[in-house]
Structure formats: structure tokens, C-alpha cells
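The following exercises concern the structure shown below.

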Amino acid sequence: MNTAYLRAESVEQAIGWLQRYPQSRLLAGGQSLLPMLRWGLGEASHLIDLQDIGQLRSIENAENDLWIGAMVTHAEIARHPRVREILPFFAQVAAQIADAQVREVGTIGGSIAHHDPAACWPAAVLAGQAELVTSERQITADDFFLGLFATSLRRDEILLGIRVRHGVRGAYRKHEHPASRFAMPGVALAQMPEGAIRIAVTGLGQGVVRWREAEQALAGRFSQHALDNLDLPVHHAESDVHASAEYRCYLARVLCRRLVASLAGEDPEPLLQKRSAAPGLSPSALPAGLSPITSVDSTFRIQGEALLTASPDVIWQAVLKSEVLKACISGCDQIQEVAPLRYKAQVRVGLGPIAARF
Amino acid sequence: MANPVIRLIVNSKQVEIQADPMTSLLDVLREHCHLTGTHQGCDTVQCGACTVLIDGRAVKSCNRLALQCQGMQITTIEGIASQDGPLHPVQMAFSQHHALQCGFCTPGLIMRSIALIQDQAASDEESVRAALSGNLCRCTGYEGIVRAVCELLRSPKAATDQVLPDYS
């Protein structure tokens, strides 16, 4: 299909064209739509470019909420001082979208209305319970996203912008495709001004979804451990060349735990399934009171505590004796004092399939 | 229906062509203006080899219709230094730090780096790497690239003030 290009000067003119040309499509930044058209994944008789409509390009702070026009780019949101101050959640999301070049032209309204199943904004908008203001009405985010590339926008209805209430806080994390930076998946977690927690997951393959079971679990106890036994059902996800549905759901659980851990001030702990934390070192192999911990940088640490019922002097004298040390160190065959306070020890260590003496 | 007229200012020169409405800015630059320094890599908005400046902002030209840029200032790698004059400061830094191997990604990386230095948005190595994440180097020569950009960011402001071509 040959595509014509039109440039609207007003919302009314754009609506007129949408009604007149039933195969036409609105063009915002075009960062998702243009590749789709070029690869033959969609068709349009006319592209109606909205870039000249000034009213779609504003960011305004109202009495109770922040207004972001549909044609504001991701880069503008990321660096806008008022957004960074009032709604840092959205500035943080904007800064993570795609790459710098795409952020310069891609728009929030385009991303929301297009509803690519791996886009970041739908998750933030749904978690943050934004109001979507169109040429006809206001739609809450919960009623807006219907599924893969589907929204409740009517054929001749134009998204003008979004409103987000003051006091909405949140954070977003994604596991991104290394070239396109699309979310596979991404998790947005927001807290409403009155305290309710909302979680939205994008990049599963079917469009953005709320994870209500996790919201309920976190309402009772805001800790990563509230999510320990919670599965994200696989029927929410799709498999493709990049990841299986199961893996996507697993990643979403991991990302959600990490978000909660960072917001709750907890050390992130690995999502342990039936496998052990490290090869050959199952949690049960550790002495009571110790637990394996994987930190953010993937180094393996062991920490814990044990209470000894003796005075510090007695314990200090004990740990200075080589026989006591030898008995304390699991796998220690021999220990000898080579100089005052310097010891040489031989230890047997098994790590997975490898066993060695050191 | 006749093809629409596309008017651009490419490297300070007026360009007027007629092309299919779906023609990308990249195709106009390469096929109509014969400015082949802007490379077509993946053609899927990922590799960044086609990065040019549109009104001073670094954008991937494979994913921008030329008509969306009607009347705008486009700067390509050919427009940042004169043919027989000295290299642009970013080109100099890339040369000094061995920031190019096969050279395919280089024009895109230089245009992106110019915008980055102009914005002064990045300051340390980590933020430079994040800011350049939209440009892929298949030779994996990132060490030199990042070193070159970091050095330019540290250099006196006077040097970076002249980084962008004069649009006046």
C-alpha cells in the first residue's frame, strides 16, 4: 500500500483526517510504528504527523497532578526539572527507554497508544494509575490497555496527554534486549498517595498486565520475602526467539524482588528455587545460622552469627590455639604455627565436581 | 499522485528533492545527496551507524522519514570539518585513542559523541557508556571510544564549545 504523509496543524484537523481516511494512522515519534510499516507488519494509507500541534508538547504542573502532553519525547521527560522533582519515577523510566537517539524522538503518547508489548511506558502508566486524557474523555490506565497493540482508543480518538497525581512514587526495572533495549520483561512498582501498591509488568508478550497477587502480598509486608512463594502464572507470557514464557515470568519475579528489596532497604537475595545457590554448596551444607547471599555484583558471600556463651577473653584464647582452629575449620587436616600469629593450614574443599586441597 | 517535495538544510546547504513519502532521512542522505559517510547498518534502529544530527540532536536517520524533518538542519559526518582543514576535535580524539578499527560504526559514534559533549550530560566513564549504548561496534572497540569521549568531556570548555557546527 502506498502511504501518503499529512501534517496536522490542530487536533481537530487530525480527527477530520482520521474520519475521512479509514486506513490512516497517527504518527507521533514513529520509533515503533515506522519499523512496523517498513517490515510489512502493518499498513497505512496516510500517516498523520502530529509534531506541529503545540498543545500536545507541554508539561504542566497543576494543583493536584502533573500533565505530560502526548508528543513530549522521552528525552524531554528524563531531563525536565519539574518531572524530576515532582515525579522522579517517570523521569527514571524515561531515561531507561531504548537509547539516547530513540529517546530524542520517541514520545510518551506514541508509546502508550501504540502499546507495543515490550514498551516501558505502559508499565509505568499502569502502575502509576495515570489518567489518559483523549480528545473525547478521560480513561484510567486500568481501562486503557486491552492487550497486544490494543487499547480502548476509538478509531477517531486522539490521546492528548496523561495526568499523574502528585505523591505517586515508584520505580522501574527491566531486563533489556541488548540491542533494541526493549523490556523482556520490565516491572514497574508504584505506591499511590494513600499507600496502595500497584505493580505492572511489560515485556511478557501479551501487553502490559497488573500482578495483583504480588500487590496483595506486599500490602501485608513490604519485603522481598513476601514474594518468596509467589509465581507469576505462565499464561500471562509468550515464548519467542529471545526467551520462553517460563523464563520471562521468572525474570519478572526476580526484577520485582530486586525492586522491592531496593525500595525496602534490603540486601537483594537470590530467588532460590529447588537448586542450591552455588554449585556444590547447598544451603543445608552450611552450619546452622549461616545463609548464602548473592549480592548485586554477583560475588558470593556467607554471613551469619552464632552466640557463644563464654567471656571474650576465654574465646580469644581459644581461637589462638591451633587445635581449636583446626576443629573449627571444616575439612582442615592439619594446622601448624610457623611463626607467632602465622599459621599454615591444609584444607580439603569441594566445590561442585571439583575437590582439592589448599 | 506526484511525490512530495522534501526541503532540508544538509550541512548548511539547501537541499530540495522529490521522493516517496516513506523515504527515510538515511536514504535521502545516501541516495539523493550522495553523502555516504552516514552508514546503513542494521536498518532496524539498533546499531546507530546511521546517526546524524537533526537540529543539533543525535537521531538514527534510518528511522526518521525525511518528511518529518521538513525544513530542519541536518548535520552528517561530512559536515563537521572542512575537506582540507583540520579534523573536528571529536575526530582527533578518536584518532588519538585508536577509537576506530574497521570504521563502520565510526561516523555514527562521532555524531552521537558530538551531541553528548554538547549536552554535557555525561561525566564519568559509566555514564558515557550508557550514553553511547545506542551505537554498536562489531569490532568491540569500546575501550578506545570511551577513552576518547571521556577525554573530550574533561577538556576545557573552550574546546567543546566549537564542537557543534555553526548554524547561523
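Domain bounds, as used here, come from an automatic or database domain assignment. The structure is a predicted model, in which local features need pLDDT of at least 70 and side-chain atom pairs count only at pLDDT 80 or more, while totals for chains, interfaces and linings use all residues. Residues are numbered from 1 along each chain as its sequence is written, and chains are lettered from A and ligands numbered from 1 in the order in which they are written.

**Exercise 1. Domains of chain A**

State into which domains chain A is divided, and how many Å separate their centres.

Solution. Step 1: the assignment gives domain 1, residues 55-264, and domain 2, residues 312-357. Step 2: taken over C-alpha atoms, the centres of domain 1 of chain A and domain 2 of chain A are separated by 53 Å.

**Exercise 2. Domains of chain B**

Describe how domain 1 of chain B and domain 2 of chain B touch.

Solution. Step 1: in chain B, domain 1 covers 5-79 and domain 2 covers 89-161. Step 2: their centres, taken over C-alpha atoms, are 21 Å apart. Step 3: two residues are in contact if their C-beta atoms, placed from the backbone, lie within 7 Å. By this rule, 16 residues of domain 1 of chain B meet 13 residues of domain 2 of chain B. Step 4: helices (H or I, at least four residues) and strands (E, at least two) are DSSP runs, numbered from the N terminus. On the side of domain 1 of chain B that touches domain 2 of chain B, the elements giving two or more residues are strand S3 (51-54) and S4 of chain B. S3(B) gives the most to this side, with three residues. Step 5: Ala, Val, Leu, Ile, Met, Phe, Trp, Tyr, Cys and Pro count as nonpolar, Asp, Glu, Lys and Arg as charged, and the others, Gly among them, as polar.

**Exercise 3. The contact between the chains**

How many residues does the contact take from chain B and from chain A?

Solution. Step 1: chain B gives 22 residues and chain A gives 17 residues. Step 2: on the side of chain B that touches chain A, strand S4 (residues 57-60) of chain B supplies the largest share, four residues. Step 3: by class, this side of chain B divides into 10 nonpolar, eight polar and four charged residues.

**Exercise 4. A sheet in chain A**

Give the strand order of the open sheet of five strands in chain A, and explain why one side of each edge strand has no neighbour in the sheet.

Solution. Step 1: two strands pair if DSSP finds at least two bridges between them. Step 2: the order in chain A is S4-S5-S10-S6-S7, with antiparallel pairing. Step 3: strand S4 (59-61) and strand S7 (138-140) of chain A stand at the edges, each with a single partner strand, so one side of each lacks a neighbour in the sheet. Step 4: strand S6 (residues 131-134) of chain A pairs with S7(A) over three bridges, and three residues lie between S6(A) and S7(A) in their hairpin. Step 5: in S7(A), A:Thr140 is the bridge partner of A:Glu131, and A:Ile139 stands opposite A:Leu132. Step 6: S6(A) also pairs with strand S10 (residues 159-165) of chain A over four bridges, where A:Thr134 stands opposite A:Leu159.

**Exercise 5. Buried or exposed?**

Is A:Arg82 buried or exposed, and how is B:Asn11 classed?

Solution. Step 1: a residue is buried if 20 or more other C-beta atoms, placed from the backbone, lie within 10 Å of its own, exposed if 12 or fewer, and partly exposed in between. Step 2: A:Arg82, in helix H4 (residues 81-86) of chain A, is exposed because 12 other C-beta atoms lie within 10 Å. Step 3: B:Asn11 belongs to the loop between strand S1 (5-10) and strand S2 (13-18) of chain B. B:Asn11 counts as buried because it has 20 C-beta neighbours inside 10 Å.

**Exercise 6. Backbone exceptions**

Solution. Step 1: most residues other than glycine have a negative phi, and most peptide bonds are trans. Step 2: A:Met184 and A:Pro185 are joined by a cis peptide bond, with omega about 0°. A:Pro185 lies in strand S12 (residues 183-191) of chain A. Step 3: B:Asn11, although not a glycine, has a positive phi of about 50°.
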